[in-house]
Amino acid sequence: MSSILSTDFLNQSDVKIQHTECFINGEWLPSKSGKTFATINPATEVEIAQIAEGDAEDVSHAAEAARNAFDTGLWSKMDARDRGRLLYLLADRMEQEMTYLAALETLDNGKPYQDSLNVDLPLAIDCLRYYAGYADKIHGSTIPIRGKYFCYTRREPVGVAGQIIPWNFPILMVAWKWGPALAAGCTIVMKPAEQTPLTCLRLAQLAKEVGFPDGVINIVPGFGPTAGAAVVKHPLIDKVAFTGEHRTAQIITRESAETLKRLTFELGGKSPNVIFADADLDAAAQGAYIGLFLNQGQCCCAGSRVFVHRSRHDEFLEKLQSLTKQRVVGDPFAAETQQGPQVDQAQFKKIMSYIEKGKQEGANCVMGGERVGEKGYFITPTIFDGVRDEMSIAQDEIFGPVLSLLTFDDKEEIIHRANATFYGLAAAVWTRDVALAHEFASRVRAGTVWVNCYDVFDAAAPFGGFKMSGHGRELGEEGLRAYTENKTVTLAL
Ligand code: ADP
């Protein structure tokens, strides 16, 4: 690994911060309590800005605004094609200021600017356009029932959607949540992650400028147990779409029981990435490398359990190490940087403690395992070899640049071990045997299975988890349906 860590980060003042308040009913407002919290640049540990700290009162205000915008039909009854047109306009505005949005994302989250610009922004824009095209294609069916009746179904928007998002892909998570909700005709109360509120706030302003009516999109920045919990409990909110940890989803499930909200969850994972003996090892090593280290390892679908067939272990490890050695960690604004800092101190400490645990439990740390520099939350890309299923680094979601390498001997054994986790978000298999690939895909209990590839995302392909990795799916038609209610209408003839 070559480190180019320097103190010469892009001057924070180069990225102008324009919005720090709550966005409610089309207006920028301080929190009712007057409280604020700091959002920190994880590369420098320097405060970027003070952000309005919303809580239950602000969420109530936002929920009333969203309810009103929904109930008056301002949005839900607008011609569907016009709703779609506004989504296209928002995507166009994002495209016009891509470099600014990418810089804002990098400043707040720490991910390399090249990734923000070339991965996150294009995916977010594409997602909004995908759902923009869906707005006027949401319809029910006619059903032949017994008797002299005309029976049909209508797909109606679910109402006010509460949306709580994490910090790992801030702008992309906004697009995944807003796209289907707005296309379906829902109005929104969103709580961005406390670590990364900046791009979400900017997108609210862009939505206002392109003509989204007041109250359709409302943003309340703040913390989970206060602002987030208020979204979950508010009686005027019909649904909660949440992305984050399964433990938070368990709290949300309990807290939403009173109002019986519709819930969709996209949660964590400990995804198996399985390399059979006949695999193209160069491609598999590249897939394992990207599948784990992408986004500083902060991906819910990270391939954090890499299983290689025992007969190819040494060769595979050598290839993986030679790729990882070249990974450039440092200033996220430098063009050559491939890995920035972890998002905050809490995540940094958690990852470092897992690295310690891995060593204590007897895994062999063959690469990395250290902090880079003294400022910023940088960690060297880390590989543990000789990992066993029962070790904590093979069981727990680390959410950092820590890859666990395990070996296996046969197919039945590996399918069993791949499934031996309460998670079920993603899995990958590397083989030239088509039948084996399909058998693995059908028997592994995961919402997404990649064959001879990893981290291939598309707005049209549903994404979500089996088991404790989630409820429901995002993206694709299924993602849209999660923002609709089905209504059956029966008319006597
Ligand atoms: P992470 O470890 O990725 O931060 P979390 O599940 O803690 O995962 O956070 C994801 C999102 O959920 C953030 O916006 C956070 O503020 C919010 N959140 C955390 N706790 C709660 C809660 N009790 N109720 C509602 N939202 C919460």
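## Ser 76 and its surroundings

Let's start with a polar contact in this predicted model: a polar side-chain atom of Ser 76 sits 3.3 Å from the backbone oxygen of Phe 70. Ser 76 belongs to the loop that links α1 (56-71) and α2 (80-96).

Is Ser 76 buried or exposed? Its relative accessible area is 14%, so Ser 76 counts as buried, the cut-off being under 20%. Leaving aside residues up to four places away in sequence, Ser 76 touches Phe 70, Arg 83, Pro 157 and Gly 185.

## Where α3 meets α4

Next come two helices, α3 (residues 98-109) and α4 (residues 113-132), whose axes come within 9 Å and cross at roughly 115°. The crossing of α3 past α4 is right-handed.

On the α3 side, the contact is made by Met 98, Thr 99, Leu 101, Ala 102, Ala 103, Glu 105 and Thr 106. From α4 come Tyr 113, Ser 116, Leu 117, Leu 121, Pro 122 and Ile 125. Sorted by class, this contact has nine nonpolar residues, three polar ones and one charged one.

## A three-stranded sheet

Finally, have a look at the open sheet, where three strands follow the order β6-β7-β24 with antiparallel pairing.

β6 and β7 (residues 149-157) run antiparallel and are joined by two bridges. Within this pairing, Ile 143 lies opposite Cys 151 of β7.

Terms used
Residues are numbered from 1 along each chain as its sequence is written. This is a predicted model: local features need pLDDT of at least 70, side-chain atom pairs count only at pLDDT 80 or more; totals for chains, interfaces and linings use all residues. Side-chain values use heavy atoms; hydrogens and water are left out. Axes are lines fitted to C-alpha atoms, for helices over the stretch in contact, and angles run from 0 to 180 degrees between N-to-C directions. Helices (H or I, at least four residues) and strands (E, at least two) are DSSP runs, numbered from the N terminus. A crossing is left-handed if the near helix is turned anticlockwise from the far one by less than a right angle, and right-handed if clockwise. Contact means heavy atoms within 4.5 Å. Ala, Val, Leu, Ile, Met, Phe, Trp, Tyr, Cys and Pro count as nonpolar, Asp, Glu, Lys and Arg as charged, and the others, Gly among them, as polar. Buried means under 20% relative accessible area, exposed over 50%, partly exposed in between (1.4 Å probe, protein chains only). A polar contact is a pair of N or O atoms within 3.5 Å; within protein, one must be able to donate a hydrogen and the other to accept it, and residues adjacent in sequence count only if both atoms are side-chain atoms. Two strands pair if DSSP finds at least two bridges between them.
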